[in-house]
Amino acid sequence: MTSQVQEIIERHVAQGTAPGIVVADGDASGRLDVVSAGDFGDDAIVRIQSMTKPVLAVATLRLVQDGRLDLDAPVERWMPELADRRVLRTPDSALDDVVPATSPITVRHLLTNTSGYGMTTTPGPLRDAMVANRTQASQDAVALGAQDWLDALAALPLMFSPGEGWRYHHSFGVLGILLGRVVGRSLEEHLAEDLFEPLGMVDTGYTVPRPQAHRLPAAFRHGEDGPLIPIEPAGDGFYMAPAPFDLSHAELVSTASDYAAFARMLAAGGRFGDRLVVEPRLLDEMRTDRIPPRLKTPDSFFPGFWDGMGWGYGVAVQTEGPHRGRYGWSGGLGTDVYIDPDGSFRVILTQIEMGPQAMRLFTDLA
């Protein structure tokens, strides 16, 4: 399998899909093969963007199993900014044309992207307001510190009452801030001590230390019928330490071997060696489709997303087809992870903005 993967990624580098690609293949027993092609090596530290979501989901479930958090607890207990939410009367209503939310936002709503906050998929006053106050999601790094971002988001109405719709992304920014408040300290410190250090994820965090700058590749997007366009510099930019502000709502950097350790824990049923990281009952909830069919609307995400697909806690779950039971998630700069029911997993890392080229790579490595 390793030689086949090597051939695929070398072909994609030669075709211009991405300047560099790293793939880690492993299983629950501890087997791990890491191969790379192009201009960055096996130890590259990359911006994993939304592959942060499964990590935050596991961090949340660890607090649940320790009795420090309840999945159905209203988040306003720790986040008064989100009390007494108002909801747009219709998707294209003016921002002051609102009604009271029918229920509070809970931890479970955040894990399942059903909080009422998320990416706007259609033009309208809410979308304009999110662009104006810098809370609209994009490939760019966050523009506001955690508290300013939360305050800006809280000033806007919800798209729907919690539990009554599905929209991507913002729930996990809120979740990161929530976790920091629950543990009463820096989220980065908590993740390092509670998850990263026990799993040996030595290069995973919110920023890259300056002495490791040479391991951070540049990020690119594909131009129209033209060369690759740089969007983040190598060894510099937003993700270099020190952080410009509190990044509790932001996204991580990691390596193939680090994220493979995380994926191996999931593949092994929530265990890492002799350590129980996630209880089986909670892991089963995480990797089970939690979204009712009525919420899987065409306007909730990109076209075709829900075809044979569901969403658990921080991961997409394949509900039909030859890979039924596979779960995982991708990042906007061409990264991907999936875990199969047989205990095998694959981590794919590039630094190319998600698009047709990255999707073809993922398909070839599926």
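**Backbone exceptions and a helix contact**

Modeller: H169 lies in the loop between α5 (146–154) and α6 (170–183), where helices (H or I, at least four residues) and strands (E, at least two) are DSSP runs numbered from the N terminus. The model is predicted, so local features need pLDDT of at least 70 and side-chain atom pairs count only at pLDDT 80 or more, while totals for chains, interfaces and linings use all residues. Residues are numbered from 1 along each chain as its sequence is written, and side-chain values use heavy atoms, with hydrogens and water left out.

Most residues other than glycine have a negative phi, and most peptide bonds are trans. H169, although not a glycine, has a positive phi of about 95°, and at 22% relative accessibility it counts as partly exposed (buried means under 20% relative accessible area, exposed over 50%, partly exposed in between, with a 1.4 Å probe and protein chains only). Q49, also not a glycine, has a positive phi of about 45°; Q49 is placed in strand β3 (residues 46–49) and, at 6% relative accessibility, counts as buried. The peptide bond from A241 to P242 is cis, with omega near 0°, and P242 belongs to the loop between β7 (228–232) and β8 (252–254).

As for the helix contact, I8, R11 and H12 of α1 meet R360, L361 and D364 of α10, contact meaning heavy atoms within 4.5 Å. By class, these residues divide into two nonpolar, one polar and three charged (Ala, Val, Leu, Ile, Met, Phe, Trp, Tyr, Cys and Pro count as nonpolar, Asp, Glu, Lys and Arg as charged, and the others, Gly among them, as polar).
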